[in-house]
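Let's take a walk through this model together, with the sequence and the 3D view side by side. Keep both open as you read.

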Amino acid sequence: MKTQAIVTSRPVVSISAERVTQPRTVEQLITGQATTDGDGVKLTRVLTQGLQKRLDPFLMLDAFGADDPQDYIGGFPDHPHRGFETITYMLTGRMRHHDSAGNEGLLQNGGVQWMTAGRGVIHSELPEQEDGRMEGFQLWLNLAGKDKMIAPWYKDLQSETIPEFTTSEGATVRVIAGGSHGVAGAVQRELTEPLYLDLHLADGAVFSQQLAASMNAFVYVYRGELEIGDASVPQQRMAILNNDPSSDGVTLRAKGASRALLIAGQPLREPIVQYGPFVMNTQAEVQQAISDFRAGKLVN
Ligand code: FE
């Protein structure tokens, strides 16, 4: 694929083509489940608990998008987490975050909040708007057993700090984590090596991304429609990509102007035991998390 950088207000980044000769195919299309979480926030759970093993190291993907404040105004009051990372990507809207480690931040329009819960935090995520649209995603990324009890970590990434490039084929790519076309993302992680791209594709644009065959990968289309191999992936569907050992990546083609998340990572291959906001390797560890929370030990 021939690519070149296009000058924007951002620093010009030089990009190198990613050649994919054996693209992955679509294994399954998933329709998310409508649900509510927090204090009555309406959302679609795209990656549900039943897919955690298949999409290891990812535990959850929620898509939220509402024009009516009644559907989001309650937000997510104080609640705990232990054992994984939460990555919140706000397309539109303003959400204020507070946590027990003393962090506070405003997540807004195009920004990302990356939080490593580690051994535990209690936090709130509350809308800082009373009207207008709120739209975005929350992804949960598992931690290896040896890292589940690390100190919590937190970073607010304002929109303008997220690396971005545009290809000559009409793809604008925001690199939230991992790397694409030689452009390093805002966050890197060992072990799970998460790749998190937000793709904005013009009608007919083709985008290829190399992926190690060992990675689990999926695409969530949130505007328009994509073709992956001979499968069509309509809006609000997640395509789970096949893990063919001979594949070297994925190639997407936009049918009309489209936007999608491309997410991939190295599986941890460890037992996953989830109880609500705690994700550990064993029942005993989950019980410990619950009793630590009740004893007030998740406050750092
Ligand atoms: Fe949370």
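The lining of the second largest pocket divides into seven nonpolar, four polar and five charged residues. This is a predicted model, and the pocket in question holds about 250 Å³ of space. To find it in your viewer, look for Ala 63, Phe 64, Gly 65, Arg 133 and Gln 236, which lie nearest its centre among the 16 lining residues. Strands S3, S4, S11 and S19 (216-223) each supply at least two residues of this lining. S4 gives the most, with four residues.

Now move on to the largest pocket, with a volume of about 370 Å³. Here 25 residues form the lining, and those nearest the centre are Asp 37, Arg 45, Met 60, Asp 62 and Trp 140. By class, you will find ten nonpolar, eleven polar and four charged residues in this lining. Five strands each bring at least two residues to it: S3 (41-47), S4 (58-66), S5 (76-81), S10 (121-127) and S11 (134-142).

Which side chain of opposite charge is nearest to Asp 99? The answer is Arg 119, 12 Å away. Asp 99 is buried, yet has no salt bridge; a salt bridge would need a side-chain nitrogen of Lys or Arg within 4 Å of a carboxyl oxygen. Leaving aside residues up to four places away in sequence, Asp 99 touches Ile 122, His 123 and Tyr 154.

Note on methods. Residues are numbered from 1 along each chain as its sequence is written. This is a predicted model: local features need pLDDT of at least 70, side-chain atom pairs count only at pLDDT 80 or more; totals for chains, interfaces and linings use all residues. Side-chain values use heavy atoms; hydrogens and water are left out. On a 1 Å grid over the protein atoms alone, a cavity is a set of points where a 1.4 Å probe fits but cannot get out, and a pocket is an open set with protein on both sides within 12 Å along at least five of seven lines; lining residues have an atom within 4 Å of a point. Grid points are joined across faces, edges and corners, and a volume is the space filled by probe spheres set on the points. Ala, Val, Leu, Ile, Met, Phe, Trp, Tyr, Cys and Pro count as nonpolar, Asp, Glu, Lys and Arg as charged, and the others, Gly among them, as polar. Buried means under 20% relative accessible area, exposed over 50%, partly exposed in between (1.4 Å probe, protein chains only). Lys and Arg count as positive and Asp and Glu as negative; His and the chain ends are not counted. Contact means heavy atoms within 4.5 Å.
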